Amino acid sequence: MKTRHLAAMAAVMFAVAIPNAEARQAQAQGQPPSQAKPEPKPEATASPFAGKWNVNVQNPNGAVESTLDLKVDGKKVAGTLQSQMGNTTVEGEIADGKLTFWFSMDTNGQTLNITFVGTSQKDGSLAGTLSFGQGDLNWTATKAKN
């Protein structure tokens with residue numbers, strides 16, 4: 001039993017001594033001892049939804065063009081939408097790779113809630129549907145040139 005104890009102790013000492021022996025050898029060769037390199041921190045990536053967009057909404061009366069400026073903070077979205085009908089503030093969220101933003105507008109004394117849902121496309125554009133309580137319309141957006 002004493003022999004097993006001594007063998008285990010020798011194995012532990014050997015395992016602990018290996019890094020020290022390597023450090024001593026490196027130091028003898030004039031090299032600094034090797035140290036474990038810290039893992040690089042992942043860089044924060046910009047949201048594919050942030051920025052200025054040229055939006056095109058297809059409706060039965062033709063296309064409606066507007067400009068959308070979105071700021072993304074984590075999963076929260078805020079911004080402005082400018083169109084021929086005026087300017088409005090939008091708010092929204094990003095969940096499961098989908099952008100959802102909404103705003104309300106007054107139309108003839110009634111509040112109309114409008115919700116855009118879309119995803120980033122392979123070409124960098126956005127596409128989705130706009131809901132306003134009377135059906136859905138398709139919309140697309142491309143990054144605005146500054």
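Predicted model: local features only at pLDDT ≥ 70, side-chain atom pairs only at ≥ 80, totals over all residues.
User: Where is Asn108 found, and how do you know whether Asn108 is buried or exposed?

Analyst: Asn108 is found in the loop between S5 and S6, and its phi, near 55°, is likewise a positive value in a residue other than glycine. The relative accessible area of Asn108 is 83%, and because the cut-off for exposed is over 50%, Asn108 is assigned to the exposed class.

User: Why is Asn56 called buried?

Analyst: Asn56, which has its place in strand S1, has a relative accessibility of 17%. Buried means under 20%, so Asn56 at 17% counts as buried.

User: What makes the pairings of the Asn56 side chain with the side chains of Gln58 and Glu65 polar contacts?

Analyst: The distance is 2.6 Å for the pair with Gln58 and 2.6 Å for the pair with Glu65. A polar contact asks for N or O atoms within 3.5 Å, one able to donate a hydrogen and the other to accept it, and both pairs are listed as such contacts. Leaving aside neighbours within four places in sequence, Asn56 is in contact with Ala63, Val64, Glu65, Asn138, Trp139 and Thr140.

User: How do you know which residues are closest to the centre of the largest pocket, and what can be said of its lining?

Analyst: The largest pocket has a volume of about 510 Å³. Of the 21 residues that line it, Val64, Met85, Met105, Ile114 and Leu130 come closest to its centre, and the elements giving two or more residues to the lining are strands S1, S2, S3, S4, S5 and S6. Over the whole lining, the division is 13 nonpolar, 8 polar and no charged residues.

User: What makes up the chain around these features?

Analyst: The secondary structure comes to 1 helix and 8 strands, in the order α-β-β-β-β-β-β-β-β along the sequence. Of the 146 residues in the chain, 23% are buried.

Notes
Residues numbered from 1 in each chain as written. Heavy atoms only, no water. 1 Å grid on protein atoms, 1.4 Å probe; cavity = no way out; pocket = protein on both sides within 12 Å on 5 of 7 lines; lining within 4 Å. Points joined across faces, edges and corners; volume = space filled by probe spheres on them. Helix = DSSP H or I, 4+ residues; strand = E, 2+ residues; numbered from the N terminus. Nonpolar A, V, L, I, M, F, W, Y, C, P; charged D, E, K, R; others polar. Buried < 20%, exposed > 50% of the residue type's maximum accessible area, 1.4 Å probe, protein only. Contact = heavy atoms within 4.5 Å.
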